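Dear colleague,

I am handing over the structure below, and after it you will find my notes on a few of its features. Please read them alongside the coordinates.

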Amino acid sequence: MIHVPEELVQSQTKYNGEAGRAFVAGLPERVEEFLGRWGLRVTGPSMYGMASLVLPVRRDADGTRAALKMQLLDEETEGEPVGLRVWDGAGAVRLLDHDGATGTMLLERLDEARPLSTVEDTDEALGIVADLLARLVAVPAPEGLRTLGDIAAGMLADVPEAVARLGADDAAVLRDCAAAVREVAGEPGDRLLHWDLHFGNVLAGAREPWLAIDPKPLAGDPGFDLLPALMDRFDPERFPWRFDLLAEVVGDRRRATAWTLGRVLQNGLWDVEDGEPGLDPEQVAAARILLARRA
């Protein structure tokens, strides 16, 4: 028997409806299948995120410590093994095995008790993210991944309806973010992006001091990868320096600014879709700092 945390049940039900409930219901059978298929034994309690169940395991054949990850396949998660294979452990957790039909993965075991969020100095932690980001986005995206060009086109198409549902101040921010995206949408980039690189998605490891986990890969401009880490412990006074630190990695501050505003746009559109009364105040503050610098 495995423990499926109630938080995972709730998030799957909220975001994925019937498909999420079916995924949760099938987890015990799936665990048993892959423990047998890959010759694994569970060595500790279940771990989980918003979308996945992870079990610490040991491979019987050679004693390798690993992590068995199960998640619902969708347009975001189906690219994870693709990206991990391309990176092959360079800045990211290593993929040991994968089942394409279910998306189940066997991953290198990292230290889940030591995420980057345990580093108290935010600037030091962001420097670690910058080093990882530089390595990850140096790689061209393989064929077949979702693309930033398609995502940007979809966002811009959704803006008129979204701004009509917001108050004047939030609507103005969303329109300004959309205007910035329009300037760069014709050159969406071709790098392999992590998409969710923040302090909680970087873990300490034995092979390397820090490695990225849980990517939602896409092909695009590296500037689209900056915002998640910048919103960790958001500080308006330090935000410009921290933005410049990450923007230096991607090399073009103008494009990095536009695509970071694009991430604010994406999150804002999701807020509206979810029925939130307004945009996230910290992301609005970040967007206004960037918009003022653009001006």
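Phe224 counts as buried, at 0% relative accessibility, where buried means under 20% relative accessible area, computed with a 1.4 Å probe on protein chains only. Before going on, please note that this is a predicted model, in which local features need pLDDT of at least 70 and side-chain atom pairs count only at pLDDT 80 or more, while totals for chains, interfaces and linings use all residues. Residues are numbered from 1 along each chain as its sequence is written, and side-chain values use heavy atoms, with hydrogens and water left out.

Trp259 is likewise counted as buried, with a relative accessibility of 0%. Rings of Phe, Tyr and Trp (its six-membered ring) are taken to pair if their centres lie within 6.5 Å, and planes under 30 degrees apart count as stacked, over 60 as edge-to-face and the rest as tilted; by this rule there are 5 aromatic pairs. In one of them, the ring centres of Phe34 and Trp38 are 4.9 Å apart and the planes stand at 50°, so the pair is tilted. Phe224 and Trp259 also form a pair, which is edge-to-face, with 6.0 Å from centre to centre and 85° between the planes. This pair links distant parts of the chain, since Phe224 lies in the loop between strand S11 (218-220) and helix H7 (227-230), whereas Trp259 belongs to helix H9 (residues 253-273), 35 residues apart. Helices (H or I, at least four residues) and strands (E, at least two) are DSSP runs, numbered from the N terminus.

The ring of Phe224 also has the charged end of Arg263 over it, 4.9 Å from its centre, and the charged end of Arg146 sits over the ring of Trp195 at 5.8 Å from the centre; the criterion is that NZ of Lys or CZ of Arg is within 6 Å of the ring centre and within 35 degrees of the ring normal.

Helix H1 (residues 6-25) deserves a separate look. A straight helix of 20 residues would span 28 Å at 1.5 Å a residue, yet H1 spans only 12 Å between its end C-alpha atoms, the expected span being 1.5 Å times one less than the number of residues. H1 has a kink of about 145° centred on Asn16, where the bend is the angle between axes fitted to the seven residues ending at a residue and the seven starting there. Its buried residues are Leu8, Ser11, Gln12, Gly20, Phe23 and Val24.

Best regards

Terms used. Buried < 20%, exposed > 50% of the residue type's maximum accessible area, 1.4 Å probe, protein only.
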